Structure formats: C-alpha cells, structure tokens
Amino acid sequence: MHYRQKRLPMGCGTTTSQAGLVGMHAYSILDVQEIRDVGIDFFRDEAIEGMGNVSGFSKFDGTVRLLRIRNPHGRGEWKGNFSDRSGVWDKLLFSKYLNSSSTTTTTSTVSLQRSFKNDGTFWIDFDNFLMGFSNVDVVLAFKGNHAKSFATNFPAKKCNKRCVRAFEVSLLDIQPGVPSCDVVELYIMGIQKNRRGASQGRSDRKISYKVSDLGFLVGSYKANGEVDFDNVQGQMLGFKRNGHCRLEIKRHQNKKYVIMPVSFGHPAATDKDLSFVVRFVADAPVLIHELPSVPKLNAVMQKYCLEASHFDASCARRQQGSRRIILEDTEGIQMYGEPMYRVFLIDCLANGGGTAFIYIFMNEVLQKKAYAERGAFKDISFTIEANCRGMVCRSKEGLLDHETVSYGKKFEAAWRKYRSDFYAERQSRLLMVLCQSGQDTQMGSVKCTKTNSNDEQKK
C-alpha cells in the first residue's frame, strides 16, 4: 500500500505455473486495494475452506486485501479466488451489505472493475498472491522525482581502505514562500555495470562484468556540529548488481547524514577504473555533495558493529546485524566482574547481505587498571577459524588464503577454511570480514580459540 500511495510503478514475477498463472513470467501490478469492515462470516467461510493467513494478517481483522495484476501478453488470467467470474465476489458483496449498518465505508469508495474478458487483467487476494508470485519489483520513480548520480570506484584488491568516496546529505533550509517537507524519503542505490548493449556494438561495454560485494554505511550527526557520528546504520547488499537501502530524513531531528559505500571483496572483472554508480532518489529536494575526504572507518565500524541500529527489514524477513559472542574474557569476569575483552560475530547475511564481521571490543578502563596492578598488559591472543562456501575473507593483512575442505557437487562452491592468528591485541578493531564472492554461498561454523602470544611469536 505504501508504494501504491506513492504511485510507484510495480511489477511481479512467477516461478511455477498454477491456476492460470504462467511460470517464469513477468506481470505488472496495476492497483492495490483494501476492502475494510467486511463481515466476519466472509472470513469464517475462508477458514472452513482452508484459505487465508498466509500473509500473517489476522483472518478476522475485517479487511480483504486485493491486487490487480496484468499479464503483458494481454491474455491468460488467474482462475482462483477473485478472478473475473469467481463466486467469492458475491460472498464479499453480501458480507459488506450485511455489515453496512456498522460501517462508514461503502463499496462505492473502492473501484474494483472486472472486464469479464480474457484480456490478461485480473484481481487476486493477497494470500494467493504470496503463494503464486515469487518476487516484486518497484521502480523508484516518485512523482516530482529528485535524483542525482555520482560516479565512484571500488577500492583496489590489495587496498585496506575499503571506502573510496563519501557523500553528505541534508535537508534544504526553509525558505519563505517555498514549500518544505518535514520528512523526506531517500533511497540510496548502488548500480554496477552490465553488458547491456555489448551485442549491439557499444564500444563502452565489455562482454561480461563480474559483480562485487557492496554495502552502505550511513553515519548521522547534528547539523550544527562537527562530523562526530552519534549513530551509524548500515545495509549490506551482498552479491547484487543493483541494490538499495532506504533512509528517512526528519527535519525535527536536525541531522546530516554521511553515506559511505563499502566493499570488502575484490572486483575481478569490471573496467580498469573499477567503477560503479551511487544514485540518490528522493521524493523531495535534498542537498547532496561529496566530502573532500572519507571519515576514518575504524570509529565508523565500531559504531556499526557494536552500537548501530541497522536499517529495518520487512517483518517477513530477518534483520541484519545480529551479534554473537564467540570469545569472552573469563578471567576479567572473575577479577573485576566484567570481561576485559569480547570477540563478536556480527551477522549481516540476512536479506542477501552476504557479509559477516568479526570484531574485538576492548574495555580500556579495565586494561589500564590491570596494567597498573601488574605492570604489564594482559595477554590477549587467539585464533579464528571460519568455514564457508562462496565467500572470501579479508583481514588487516589483506585477502586471506584458504584451505579447501571439501569440493561441492556440480555448480556448487567448495567448502573453504580461513584461519588467522591474533596476538597481543590492545585496542578495539575489526578483525576479519567474510563476504560473498559468488552466487552459491553459505556460512558455516566460526570458532575463536584462546592461545598464548609467546607460542604465536615463536611461529
């Protein structure tokens, strides 16, 4: 409904054929409607017939949710509930009639036109839509669309600086006689090159381009202050050629936002400049400019890994950013009541994010206290082993070599083991990043084992 209210073009696609729907086929979404104050008898009949409740909405909330779909071939329609000649329409109208005395909404307020012809246009209820269609695409073409694109680059394979450019976004100041928005909806898009046009002889297109992992970190700070982030949100896009995240800018918060595109793998076969495009699309004018330098990522990553409020995901999909402790200082808990350090695994695999961060947090207050008591820093050394498929691993030393554990079946990625030793750790920092490097990917076990720094130094 949100996209419909914004009047954004929408499409959907199927995987398999069923009840008049053609498998592996694209359809357009013409309309989305909610019929409210429907009598309980209508939903009781659905429950008896085994329909409903796929979408997660209550079966008895008095609302029927419908979508109007069109087959672009102009023929071939859905033959189930709410098709042109379905008997469910009579039940719906009868239930509305019985319930009309207790409602202020009438059927005349909603247009539910049916052609009764095989013209490819049909209505379908939301539950059956979820079962019949596998994906939905939305074109972010807002009415009065405001968009700006910036050419940027992936970092080089051996470079540890994994963000090349950063962009600051803020609302325009209120001006007399000029309409202003209190809330602006902004979409941040990453667009990687493709071979479209190569077969027609375009000289600026290669035969193929490999995709690289991509994500966005978004830091916010007070508009009248220095660039000291009070919060860092983020969305990892994984191994997608095109991806986006959504940001709401609210005037009463008086904040500016810094958008930092990040990539931790390596672009194996883009152009020589490793280029891609960052595009901003908003439903109202905003002020965007590129910063002269990129903020230091050490502090940014600490807020993202340990303090961030990650971008909200759909209620039906898992959210990125869940944290799990994989190593904890038990000696510090016994002596001081809290650990001197913790090693976290931050899971950003959800929603196709394809990324996992391993971060060590050091309690600097306890470190100084232990140093004052012992005259030396506590030995903090450990080994991390990660098993995965279709992923690469990066640490401070660069991309790590891997050991092949087992080979997959045909067209399946092999299981890899990445191992890295850490010793005499003194400060909070990002230790390792595991990121998607192919379409077939899976995260396995991650183990962190305490070791002795003297043993590591002997090696």
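Asp125 is buried but forms no salt bridge; Arg65, the nearest side chain of opposite charge, lies 9.9 Å away. Please bear in mind that this is a predicted model. Where does Asp125 lie? Asp125 belongs to strand 4, which spans residues 121-125. With which side chain does the side chain of Asp125 make a polar contact? The partner is the side chain of Asn128, at 2.7 Å. Leaving aside residues up to four places away in sequence, Asp125 touches Arg65, Leu66, Asn81 and Phe82.

Five strands form an open sheet in the order 10-9-12-7-14, and their pairing is antiparallel. At its edges are strand 10 (231-238) and strand 14 (286-290), each of which pairs on one side only. From one strand to the next, the twist averages 20 degrees. Within this sheet, strand 9 (residues 214-222) pairs with strand 12 (residues 255-262) in the antiparallel sense over 8 bridges. Phe216 stands opposite Pro261 of strand 12. Across strand 9, strand 10 and strand 12 lies helix 5 (residues 297-307), which runs at about 85 degrees to strand 10.

The next residue is Phe150, in strand 6 (residues 146-153). Is Phe150 buried or exposed? Phe150 has a relative accessible area of 13%, and is therefore buried, the cut-off for buried being under 20%. Its contacts, not counting residues up to four places away in sequence, are Phe167, Phe276, Val277, Val278, Phe280 and Ile288. Of these, Phe276 is 126 residues from Phe150 in sequence, with 8.7 Å between the two C-alpha atoms.

Finally, the salt bridges. How many salt bridges does a search of the whole structure find? The search finds 12. In one of them, Arg374 meets Glu331, with the closest N and O atoms 2.6 Å apart. Arg374 lies in helix 7 (residues 364-374) and Glu331 in helix 6 (residues 330-336), so this pair ties together parts that are 43 residues apart in sequence. Arg374 is partly exposed at 41% relative accessibility, and Glu331 is partly exposed at 28%. Elsewhere, salt bridges with shared partners join Glu185, Arg246, Glu248 and Lys250 into one network. There, the side chains of Glu248 and Arg246 meet at 2.8 Å, N to O, while Lys250 bridges to Glu248 with the closest N and O atoms 4.0 Å apart. Glu248 counts as partly exposed, at 33% relative accessibility.

Definitions and conventions: Residues numbered from 1 in each chain as written. Predicted model: local features only at pLDDT ≥ 70, side-chain atom pairs only at ≥ 80, totals over all residues. Heavy atoms only, no water. Helix = DSSP H or I, 4+ residues; strand = E, 2+ residues; numbered from the N terminus. Buried < 20%, exposed > 50% of the residue type's maximum accessible area, 1.4 Å probe, protein only. Lys, Arg positive; Asp, Glu negative; His and termini not counted. Polar contact = N/O pair within 3.5 Å; in protein donor to acceptor, adjacent residues only side chain to side chain. Contact = heavy atoms within 4.5 Å. Pairing = 2+ DSSP bridges. Axes fitted to C-alpha atoms, helices over the stretch in contact; angles between N-to-C directions.
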